Amino acid sequence: MSSDPQISRGKGLPLLRNITRFWTANDGCLVFEIIFDRAWRAGDLDPPAVAIVRCASSLDERHEVAIYEDRPSWFAVDFSSGYHVHGTLRQIGDIRIDGTPCLTIFADIYYRQPGQEHLFHFDGGMVACPSVALTEQSEDRVRFPTSGRSDRTDMRHGDPVVIAGTNVNQSYTA
Amino acid sequence: MGVCGSMRGSAVAIELNFINNSNDMNKSAIVLFQKNLASVADDAPIAWKVIPDSAPGLTHRFVFPTTIDVVATDAEGAIAGPVSGWGSHYFVVGPQSAESAAAFGAAEAAAGEVQVRNALPGTSITANIFRDGRLLAVKAAVPPQQMAVFQLKPSLWVGAAAAVSEGQALDPETLSNVKTELSLLGLASADIVMSGGGGDVLATPFRFSLQNVVMA
């Protein structure tokens, strides 16, 4: 998760806790679980946020989308339940929400329910996380921008999930 | 009867500008509303704002305040309120609002929720939520000692409709034609641009999108 040598020696593990926000559509049937990567704020080379797109009726299906600040990430997912969703996700930093600077995930997505032909459209801010929540406890971290890991193993959820490749314009399937 | 509340958050108004760039020759009405995520199936969304006779080229400015007003009515038509709040709110409707609030501990609502507790003895109330002076959501027949819960995402649903009036509950047919949810999270101002439409074989569905977005 991090290139920080202190982490590799087993120190500072609490810093790896990320912050998760949820966005749902269609009465909770379509779920976007957005994980803000705290280590990214301290220089980690992983994406700043990851979206896990789930369908409540197909809990074993999880599709991961890496979200970046400098460009939108396009994705398209078809669930076995019949749900479809496609569009883009992008992170924009330090937007003031209720006076608090926040990292915000913006979406321009279309989704379709099983058995339906028409698409629903969602445009705009999906979830937000106070920037300070991601920077506290990590200000003393050392930035090693050129010493990232060779693989892309994601340890956030217990069992490792391999994210294939680094092309942001593809959807990642866990 | 009175209303008292506690709240958290800050009051702002998001400036929105509707622009009709469509090919719609029918001058459809445009309806905007919010959905109460805490509602049951019987609680239809309310047409919060209607832009009538929306012809191509039309622009229409309006605001979306973060403040809301709560008005309660009882079975005999007595009215309490309005009381304003924003962010998350906890309101108490009682014979003496201040005493009722104290009795219930002036609790704070969960984030993103508006809660209206009926502290009137022996009578049900209807809890009405207004935004910018227009009806936004209703919860009827709240029994004594029970609470109406409104969970409102910072977003507006927008679509074309026929024969719809502000303050009316939306019928299923109108609801089925509204397929766009525009998020207002973090916005200071934005254009809501309508496109699509047309009356021939090249007609496309109406599309609504945010443009010229200015963040807060």
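Asp123(A) stands opposite Leu182(B) in strand S14 of chain B, and strand S8 (residues 120-130) of chain A pairs with S14(B) in the parallel sense over 3 bridges. Two strands are taken to pair if DSSP finds at least two bridges between them, and helices (H or I, at least four residues) and strands (E, at least two) are DSSP runs numbered from the N terminus. This is a predicted model, in which local features need pLDDT of at least 70 and side-chain atom pairs count only at pLDDT 80 or more, whereas totals for chains, interfaces and linings use all residues. Residues are numbered from 1 along each chain as its sequence is written, while chains are lettered from A and ligands numbered from 1 in the order in which they are written.

**Contact between the chains**

- The contact takes 16 residues from chain A and 16 residues from chain B, where two residues are in contact if their C-beta atoms, placed from the backbone, lie within 7 Å.
- On the side of chain B that touches chain A, the elements giving two or more residues are strand S14 (180-183) and S16 of chain B, and S14(B) supplies the largest share, 4 residues.
- By class, this side of chain B has 6 nonpolar, 8 polar and 2 charged residues; Ala, Val, Leu, Ile, Met, Phe, Trp, Tyr, Cys and Pro count as nonpolar, Asp, Glu, Lys and Arg as charged, and the others, Gly among them, as polar.

**An open sheet in chain B**

- In chain B, 4 strands form an open sheet in the order S5-S2-S15-S16, and the pairing is mixed.
- Strand S5 (59-65) and strand S16 (204-215) of chain B stand at the edges, each with a single partner strand, so one side of each is left without a neighbour in the sheet.
- Neighbouring strands of this sheet are turned by 20° against each other on average, direction ignored, with axes being lines fitted to C-alpha atoms, for helices over the stretch in contact, and angles running from 0 to 180 degrees between N-to-C directions.
- Strand S15 (residues 187-197) of chain B runs antiparallel to S16(B) and is joined to it by 8 bridges, and the bridge partner of Leu187(B) in S16(B) is Met215(B).

**Strand S10 of chain B and its partners**

- In strand S10 (residues 125-131) of chain B, 5 of the 7 residues are buried, so the strand is largely enclosed by the rest of the structure; a residue is buried if 20 or more other C-beta atoms lie within 10 Å of its own, exposed if 12 or fewer, and partly exposed in between, with C-beta atoms placed from the backbone.
- S10(B) pairs with strand S6 (residues 67-74) of chain B in the antiparallel sense over 6 bridges, and in S10(B) the bridge partner of Asp69(B) is Phe130(B).
- S10(B) also pairs in the antiparallel sense with strand S11 (residues 134-142) of chain B, over 6 bridges, and Ile125(B) stands opposite Val142(B) in S11(B).
- S10(B) and S11(B) form a hairpin with 2 residues between them, and Asp132(B) in the turn has a positive phi of about 55°.

**Nonpolar core and burial**

- The largest nonpolar core has 84 residues, and those with the most contacts inside it are Ala51(A), Ile105(A), Val93(B) and Val158(B); such a core is a set of buried Ala, Val, Leu, Ile, Met, Phe, Trp, Tyr and Cys residues joined through C-beta atoms within 7 Å.
- Strand S7 (residues 100-112) of chain A gives the most to this core, with 7 residues.
- Not counting residues up to four places away in sequence, Ile105(A) touches Ile34(A), Ala49(A), Ile67(A), Leu89(A), Gln91(A), Met126(A) and Val127(A).
- Of the 216 residues of chain B, 41% count as buried, and buried residues make up 33% of the 174 residues in chain A.
- Ser176(B) is found in helix H2 (residues 172-177) of chain B and counts as exposed, with 12 C-beta neighbours inside 10 Å.

**Confidence in chain A**

- Chain A has a mean pLDDT of 71, and 65% of its residues reach 70 or more; pLDDT is the predictor's confidence in each residue, from 0 to 100.
- Confidence in chain A is lowest in strand S10 (residues 161-162) of chain A, at a mean of 23, and highest in strand S5 (residues 73-78) of chain A, at 95.
- Over residues 1-14 of chain A the pLDDT is below 50, and beyond near neighbours in sequence this stretch has 21 contacts in the model.
- Over residues 138-174 of chain A the pLDDT stays under 50, and the model has 56 contacts beyond four places in sequence for these residues.
- Where pLDDT is low, the predicted coordinates should not be read in detail.
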